[in-house]
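This report walks through one protein structure, a part at a time. Please keep the sequence and the 3D view side by side while you read.

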Amino acid sequence: MATYPAELRYTREHEWAKMEGKRARVGITHYAQDQLGDVVFVELPKVGARVTQMQTFGVVESVKAVSDLFAPLSGAVVEVNQELAQQPERVNRDPYGTGWLIVIELSHPAEAEKLMSAQQYEEFLKTAGGH
Amino acid sequence: MTQPETVLKRTPLHAAHVRLGARMIPFGGWDMPVQYSGIVEEHRAVRGAVGCFDVSHMGEFEFRGPDSLRLLQRITTNDVAALQVGQVHYSLLCYEDGGIIDDLTLYRLADDHYMMTVNASNIDKDWAWVSSHLGSRVDARNVSEETGLIAVQGPHAERLVGGLADVDVGAIGYYHFRRGQVAGVPGIISRTGYTGEDGFELYLPAARTEQVWERLLAAGKGDGAVPVGLGARDTLRLEMKYALYGNDIDETANPLEAGLGWVVKPAKGEFIGRTALEGVRAAGLRRRLVGFEMVERAVARHGYPILHGGSSVGIVTSGSYGPSVDRYIGIGYVPTALAAVDSAIAIEVRGRGQAARVVKTPFYPPRVKR
């Protein structure tokens, strides 16, 4: 799997969004999971919660760090990855697959235009993002 | 990205860490490896096989001369007179008010010759304190910079160190040491550690520490030996409820409430802090450092409030996920009334109280050599 799959859209806070019709699946990028190290806890909203683009919607914690999660897009949470409660390490092992976090029913699909392409994200990592 | 212009100190193994691809972080003024392959994997390697830690950043002071014993009896809380040549003990430096300056291990190298190992971030403070109490008949030296220190910890540690040493390391008892060569380098082979596993700490000349590090990792490769960073060092010690200076103990904590009364020996005679600590003991402890586990799913962290009946009654001093116990665990100060095992408390995590309970410690059974 590509480090930053071309079919995804990316935020400056290192989340990805996969457009699935009027919905978007959301997770954190390879870069984010690598920087965090072993993920040991994920706190996610409940189904039905409203999230707003670039506002926090949850928390991911590694052994050493607590990190906010930012919503790539606005809408209502329609699915939450319940498996992560017992197996948070999936975020490390498979950040674009079984390590997904939530699915959002989009209220403003046009917001996707503000997100980065894979190529833009990689460029971003090389400059500002590579802290 | 701008960084403050502070120059981080480097251990003799710094280049080796960079070659191994370690993630380096600033720690107490040092540029140290926090992890190599990953904290949880390294933690498990130490519990299941053997891990090698660079702890060369720690400080070492040597004391020689006829008044060494008198000085050390005065400035440390444990009974140095009971320490035999070849033996190590855990001890503390305290202020007059009983507050902890540092925790340390003390080695009796010969009749009038001792070595004190102190925390890296406290080297300057400790050395200033020690220096201000020296008499004329003690020769004290800060040998921190010329001393490298590698911890080899885990059930395969004896096999690994034994295979490279010119002395029978199996004959070294817990909290004892011998002088000997490891990989041809002379040093002190100490059966001590900070993980709860059997293992050794190897004090070596700084210039030859890397040679020993390389040989340990190469010789142990087939036996599961891996380099281990500060991240796993912290989770390993947390599962033992070993105190970390600056987190769990500091100048505002006294040894008795921190559960370190076992290294405070008023019967030995006068020492700095004795009067204050005798007063604390007589008055009874206001708070105690306890271990807890989360009942609700949340991670407790250093500095989070401990709640009881909706109000803040204490503070978390260390907390994380414990890989070997597979629970979210922590330690912190609670009022004495809540210190008993099974006491119900809550930890305030992001503004919400999350249920926790006081548990027996260590969280994970130690397997040190007895």
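## Terms and numbering

Helices (H or I, at least four residues) and strands (E, at least two) are DSSP runs, numbered from the N terminus. By this rule, B:R141 lies in strand β8 (residues 139-142) of chain B. Residues are numbered from 1 along each chain as its sequence is written, while chains are lettered from A and ligands numbered from 1 in the order in which they are written. The model is a predicted one, in which local features need pLDDT of at least 70 and side-chain atom pairs count only at pLDDT 80 or more, whereas totals for chains, interfaces and linings use all residues.

A residue is called buried if 20 or more other C-beta atoms lie within 10 Å of its own, exposed if 12 or fewer do, and partly exposed in between, with C-beta atoms placed from the backbone. B:R141 is partly exposed, because 13 other C-beta atoms lie within 10 Å. Two residues are in contact if their C-beta atoms, placed from the backbone, lie within 7 Å; leaving aside its neighbours within four places in sequence, B:R141 is in contact with B:F61 and B:E62. B:R141 and B:G199, by comparison, are 58 residues apart in sequence and 27 Å apart in space, C-alpha to C-alpha.

## Chain A as a whole

Chain A has four helices and nine strands, and from the N terminus on its elements run β-β-β-α-β-β-β-β-β-α-α-β-α. The radius of gyration, taken over C-alpha atoms, can be set against the globule rule, which is 2.2 Å times the number of residues to the power 0.38. For chain A the radius is 13 Å, close to the 14 Å that the rule gives for 131 residues, so the chain is as compact as a globular protein of that length.

The C-alpha atoms of chain A fill a box of roughly 35 × 35 × 25 Å, taken along the principal axes, and buried residues make up 44% of its 131 residues. Among contacts in chain A between residues at least 6 apart in sequence, 63% join residues at least 24 apart.

## Strands of chain A

Two strands pair if DSSP finds at least two bridges between them. Three strands of chain A form an open sheet in the order β4-β6-β7, with antiparallel pairing; its edge strands, β4 (39-43) and β7 (66-70), each pair on one side only. Within this sheet, β4(A) and strand β6 (residues 56-62) are joined in the antiparallel sense over four bridges, and A:E43 has A:V59 in β6(A) as its bridge partner.

Strand β9 (residues 102-106) of chain A has a covered face, made of A:I102, A:I104 and A:L106, and an uncovered one with A:V103 and A:E105. Strand β3 (residues 23-28) of chain A pairs with β9(A) in the antiparallel sense over four bridges, and strand β8 (residues 75-80) of chain A runs antiparallel to β9(A) with five bridges. A:V103 stands opposite A:R25 and is also the bridge partner of A:E79.

## A sheet and a helix in chain B

Six strands of chain B form an open sheet in the order β10-β11-β12-β9-β3-β13, and the pairing is mixed. The edge strands are β10 (177-182) and β13 (225-228), each of which pairs on one side only. Strand β11 (residues 185-190) and strand β12 (residues 199-205) of chain B run antiparallel and are joined by three bridges; B:I189 has B:L202 as its bridge partner in β12(B).

Helix α5 (residues 157-164) of chain B packs on the sheet, touching β3 (50-54), β9 (147-153), β10, β11, β12 and β13 of chain B.

## Backbone details in chain B

B:A183, found in the loop between β10 and β11 of chain B, has a positive phi of about 55° although it is not a glycine. This residue counts as buried because it has 21 C-beta neighbours inside 10 Å. B:R350, in the loop between β18 (344-349) and β19 of chain B, also is not a glycine and has a positive phi of about 50°, but B:R350 counts as exposed, with 10 C-beta neighbours inside 10 Å.

A cis peptide bond, with omega about 0°, joins B:T361 and B:P362. B:P362 lies in the segment after β19 (352-359) of chain B.

## Where the chains meet

The contact takes 13 residues from chain B and 10 residues from chain A. On the side of chain B that touches chain A, β2 (30-35), α2 (39-48), α7 (230-240) and β16 (311-322) of chain B each supply at least two residues.

Notes. Axes fitted to C-alpha atoms, helices over the stretch in contact; angles between N-to-C directions.
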